[in-house]
Amino acid sequence: MQLAVNMLVLTAIYALIACGYVLIYRVSRVLNLAHGELLMLSAYLLLWTASLFAGHPVLAIAAALGLSLLVGAMVYLFLLRKLTGEMALAAVLTTVALGVLLRGVTVIVWSAQQQYPAVPLGLSNWAFALPGGARISLWAALLVATTLAVYASLFAFLRLGRWGMRMRAAGQNPLLAAQRGINLHAIYALAWSLSTFTGALAGVLMALDSGLGQTMAIVGLKAFPAALVGGLDSLAGALLGSLIVASAEVTLIHYVDPLLSEVIPFLVLIVVLMLRPWGLLGTREELDRV
Amino acid sequence: MSRRPRASGYFRTDYGEDLTLLPTRLARFAVLGALVILLALPLLASPFLIDLAAQVFLAVIGALALMLLTGYAGQVSLGHAGLLAAGAFTVGILFKELKAPVFVTLPAAAAVGALLGVVFGLPSLRVRGLYLAVSTLALNFLVAYLGGEYETRRGFSTGIVVDPPSLAGKAVTDARAWYVILLAAAVATLLLCANLLRARSGRAWAAIRANETVAQTLGIGVASYKLLAFVISSALTAVAGGLFAYYRGFVSVEAFSLFLSIQYVAMIIIGGMGSLAGAILGALFVTLFPYAIEASLAALVSPTAYAGLLFAVNAAAFGAVMILFLLLEPQGLIGLWRRLQSYFLLWPFRHRPVGGARR
Amino acid sequence: MTAPLPAPLLVLDKLEVVYQRAITALEGISLSVAAGQIVGILGSNGAGKSTLLRAISGFHGLDDARITDGSIHFEGQPITHAAPHVSTRAGIVLVPERGKVFANLTVAENLSVPVAPARGRAERRRRESEVYDFFPRLAPLRQRTAGLLSGGERQMLAIAAGLVCQPKLLLVDELSLGLAPVVVADLLQRLVAIRSALSLTLVIVEQNAALTLGVIDHGYVLENGRIVLDGSAARLAEHPDVAEFYLGQSAAGQRRSYREVKQYRRNRRWYG
């Protein structure tokens, strides 16, 4: 039973992070390989807002999340926007370089030690028992709930809202979208903001649950195969992919070898891609027009 | 075929002339001069510089291999560190378990590399572009896991110590000897890559990189050439990893992180994609970069202050420089060089005259 | 004393467009379009017609095309380097040749995506339903995915989506491509009707000169990136070069030998 709970929590973590990858890819066709570092940055920013708003945990968390919105928009506006028209690989490598830069900066500013933002915020963590003898911590449960809420809102926004539709349109045919009056740079900046925001939610909740360190970026990287397994432009796929990857990981770590934890997501990815190169629920990329 | 403006006077009249490596007298003199300098260096320079040069040569081998795969064949690979680790561990394991001599370990490393190349090249037949890049990430983690498993199972928790190889009965320990060996290896790799590119394989890769579908319709065996690129590139890289193991005398899984893969990709970006000279320049730049950072940091801040931060500062600076190159000069150092060339060759014009379709 | 002519709606002055910093697609293009006119841009493949329309609408970074010289003025305002969404909001709407609709969205979604100058929801809904009046074929297809429409229906959807943006100037690129003549004739008629109903100005790019000459007021002939002829529709239809090269009628009523054609081309060298 505990295994099932672990799977649920890990699925929620991966899913919450994965939707960030999907948002950016679906809208602007860019792989954001700095997502892990960006969510780590947001968690570190929580440390800072915690000291600013000592004693007001809600305010501190809200401020950190607000900052993450800003950071996402700035990353697009000052970095990725300059690369419109260059090959997609250049944009991806820029995000890789950004990730490296952020790792260095976070260590310089906050040191490489494990930090616990819950402490300055005066928040405690407790585990409560579930039927079957399993236990789940407060923040982990909150994370699961948050993931569900985020997915529900994103589905509603993208499918039903007019601007959600415009974001989808911009992802499919950017030139036509621009010709129909959609300001592409604004849409992309919005996608980046939303993506960084959802990542920040994951980062903040993980930090409050089990502390914050450089390894958080690796969790972000492991969520990437989860997004790809489902299909990089499908939110439902991200959910499904996270479930598959998380289940595989928890099972294999428990029964085979804990050291496998970093490899498993990628092995699952390779297997799935060999069977369906666009992910399980991804839209088949248009044939190259020759 | 060349996009660079060339000084006039060198007209090619047959394919042989088109394919020569050193077409102009200037090129021949330049290469000769470079060789002379490189061979004279160990006699004049300090041990520190010789070690630095040796590191650059090692990096050049890996960079050339990656340039072949990504820059020419167009298959993005983010798993280069995994291949280096595979080569290094092959050497280490064979040495530790079987006391195998260098004539066995290095070819074995190449074989392991080739095998990994096939395994990780197979996805490239189904998966393209960015999806492929992500699956190559798996290589890093896989090899790290296997290496880590070996280290823990056999009790070498800090790493494997490797004795220097012996050639003709004598152990190679002299720094200068290593310099020459690694220089020879780098030059051999360069020649191998240049020849592969001059031959049919090079043309096939160029076609695949430009447009895979079209290449297929032209009858180019896309699958086999892609695999060829992966296999050759991986084998070369694994050999580089093996040489690294011998040079350092030590193999441990921490040395082969994702960051190392990123560094190699940076080498080909900063150097300039699609150019062997770019791979060399990029390898030079990225290898020397940490030393430059360390030197400037030492000049600015007291040693105690930055001791713990050195790696972080390196990472931050490295990320920043990579971003600068990607934003400002995506063609890398070679791009800068070509712009400089164009400027002087076209002067007093600023651009090539834009004559378009005047029929 | 005649009243002074109203200022033209769209003015291009010596426009030059270069692709990938190497290929000149357009050179020295100067033209003007008066409000309410239907202007045609004729020419064979590769003449630069689509490029011209895209230059007016605006290049997005993805094209690697640049306007390197000249200017474009719309309603007196310079819009030379304006991004596509800016010119659309100013009133210039392009119906492109390729990628005309959002293939994965339904017809209704395609019509709700375009951004129109904000004038309230009621106005927006009215506008969207108005296009169904212009193209009744689309009404029963509201929930169909646009990628599954037939060629003619897709073209109708493309024009309808353009109309939702409340254009003052509608640029239509290669209406007839891939469509049956009956469908094309019908579409052109609808376009003319729409022009009158909404007081639009139209610029139509077409390879099919015969069809276009029957509809336009004024035309420009483009060749190798330059304008080689312009005039009213009647003048163009009578011009021997147009008749020869675009309408397929030779002067003597018989087939000419290739040598004669080559000579004729040489005579026209002063064009380009």
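Student: How do α7(A) and α9(A) lie to each other, parallel or perpendicular?
Tutor: In this predicted model, α7(A) and α9(A) are roughly perpendicular to each other, since the axes (lines fitted to C-alpha atoms over the stretch in contact, with angles from 0 to 180 degrees between N-to-C directions) come within 10 Å and cross at roughly 105°. Roughly perpendicular covers 65 to 115 degrees, roughly parallel under 35, roughly antiparallel over 145, and oblique the rest.

Student: Which residues of α7(A) meet α9(A)?
Tutor: A:R166, A:M167 and A:A170 of α7(A) meet A:L184, A:I187 and A:A191 of α9(A), where contact means C-beta atoms, placed from the backbone, within 7 Å. The residues of this contact comprise five nonpolar, no polar and one charged.

Student: And at what angle do α2(A) and α9(A) pack?
Tutor: Helix α2 of chain A, residues 35-52, packs against α9(A) at about 55°, with the axes 8 Å apart, and that makes α2(A) oblique to α9(A). On the α2(A) side the contact includes A:H35, A:L38 and A:L46, and on the α9(A) side A:T196, A:G199 and A:A207 are among the residues involved. By class, the contact of α2(A) with α9(A) has nine nonpolar, five polar and no charged residues.

Student: Switching topic, which element has the lowest mean pLDDT?
Tutor: Helix α5 of chain A (residues 118-121) has the lowest mean pLDDT, 78, among the elements of chain A, while helix α9 of chain A (residues 184-210) has the highest, 93; pLDDT is the predictor's confidence in each residue, from 0 to 100.

Student: What does chain A average?
Tutor: Chain A averages a pLDDT of 88, and 97% of the residues score at least 70, but over residues 286-290 of chain A pLDDT stays under 50. Where pLDDT is low, the predicted coordinates should not be read in detail.

Technical notes. Residues numbered from 1 in each chain as written. Chains lettered and ligands numbered in written order. Predicted model: local features only at pLDDT ≥ 70, side-chain atom pairs only at ≥ 80, totals over all residues. Helix = DSSP H or I, 4+ residues; strand = E, 2+ residues; numbered from the N terminus. Contact = placed C-beta atoms within 7 Å. Nonpolar A, V, L, I, M, F, W, Y, C, P; charged D, E, K, R; others polar.
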